[in-house]
Amino acid sequence: GVGYFFVWTMFGMAAFPLGVALAAIEMQQPALARAVPITVGVVVLLAGFLQLTAWKARHLACCREAPGRGRTLPADASTAWRHGLHLGLHCSRCCAGLMAILLVIGVMDLRAMAVVAAAITLERLAPAGERVARATGAVIVGAGLFLIARAAGLGGHRARLHGDGRSNRAVRADPSRPALAGQSAYRWPPALSVTFLRADAS
């Protein structure tokens, strides 16, 4: 037990700072932020394909195996520790794809956490765990393709909106329409426009 939870604790201690760092980089680097939607789709797609591999099936079988099945384990702390580490490593590898999805979607998203936890529990405890894993993989592949298509479509839509070479940050206002009092000479994106108007009004 202790060895198993030690492996997962180490996994969590590595994954959480990574998620925080990725979120910070996304906020500080606009160019990277624009690539996030399609990157998320690619990660989800790869995680779905991983669910369908023999590598996944092998680690899932080890993770589902009853402790000491077919052999008798010595009843001492050292053996229990080693067995826990062995089982924890297999299970963490088995869940690597699903945990990657949670990492890119958001480790603090309770809905994503619930869905991933349910998928892990079903493939671990359901009578036909390998079938559950493959079915989950097929659904995840579909979700990844949808996210990539949506991200590509969103990028194309933005390119059409700004296809005349004007800046994405600020679009110069029509010179034939004088700016109203309290408004900037640039037409900013809606969210920023509301912020600036409120600031001017105050």
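Figure 1. Apart from neighbours within four places in sequence, His90 touches His59 and Cys62, where contact means heavy atoms within 4.5 Å. Helices (H or I, at least four residues) and strands (E, at least two) are DSSP runs, numbered from the N terminus. With a relative accessibility of 12%, His90 counts as buried; buried means under 20% relative accessible area, exposed over 50%, and partly exposed in between (1.4 Å probe, protein chains only). The model is predicted: local features need pLDDT of at least 70, side-chain atom pairs count only at pLDDT 80 or more, and totals for chains, interfaces and linings use all residues. Residues are numbered from 1 along each chain as its sequence is written, and side-chain values use heavy atoms, with hydrogens and water left out.

**Figure 2. Overview of the protein chain.** The chain has eight helices and two strands. Read from the N terminus, the order of elements is α-α-α-α-α-α-α-β-β-α. Of its 202 residues, 24% count as buried. Among contacts with a separation of 6 or more, 68% are between residues 24 or more positions apart. The accessible surface is about 13400 Å², and carbon and sulfur atoms hold 68% of that surface. Accessible areas come from the Shrake-Rupley method with a 1.4 Å probe; for residues, only the protein chains shown count as cover.

**Figure 3. Lys56 in helix α3.** Lys56 is part of α3, which covers residues 54–64. The residue is buried, at a relative accessible area of 1%. Its side chain makes a polar contact of 2.7 Å with the side chain of Glu123. A polar contact is a pair of N or O atoms within 3.5 Å; within protein, one must be able to donate a hydrogen and the other to accept it, and residues adjacent in sequence count only if both atoms are side-chain atoms. Leaving aside neighbours within four places in sequence, Lys56 is in contact with Leu50, Gln51, Cys94, Glu123 and Ala133.

**Figure 4. The contact of helices α3 and α6.** Two packed helices are described by the angle between their axes and the distance between the axes. The axes of α3 and α6 (residues 110–125) come within 9 Å and cross at roughly 75°. Axes are lines fitted to C-alpha atoms, for helices over the stretch in contact, and angles run from 0 to 180 degrees between N-to-C directions. The two helices are therefore roughly perpendicular; angles of 65 to 115 degrees count as such, under 35 as roughly parallel, over 145 as roughly antiparallel and the rest as oblique. On the α3 side the contact includes Lys56, Leu60, Cys63 and Arg64, and on the α6 side Glu123, Arg124 and Leu125. These residues divide into three nonpolar, no polar and four charged. Ala, Val, Leu, Ile, Met, Phe, Trp, Tyr, Cys and Pro count as nonpolar, Asp, Glu, Lys and Arg as charged, and the others, Gly among them, as polar.

**Figure 5. Ala35 and Phe49 in helix α2.** Helix α2 spans residues 30–51 and holds Ala35. Ala35 is partly exposed, at 30% relative accessibility. From Ala35 to Ala151 the C-alpha distance is 8.8 Å, across 116 residues of sequence. Phe49, also in α2, is partly exposed at 44%. The C-alpha atoms of Phe49 and Gly144 are separated by 9.9 Å, with the two residues 95 apart along the chain.

**Figure 6. Ala138 in helix α7.** Helix α7, residues 129–161, contains Ala138. Ala138 counts as partly exposed, with 48% relative accessibility. Its C-alpha atom is 9.5 Å from that of Leu45, a residue 93 positions away along the chain.
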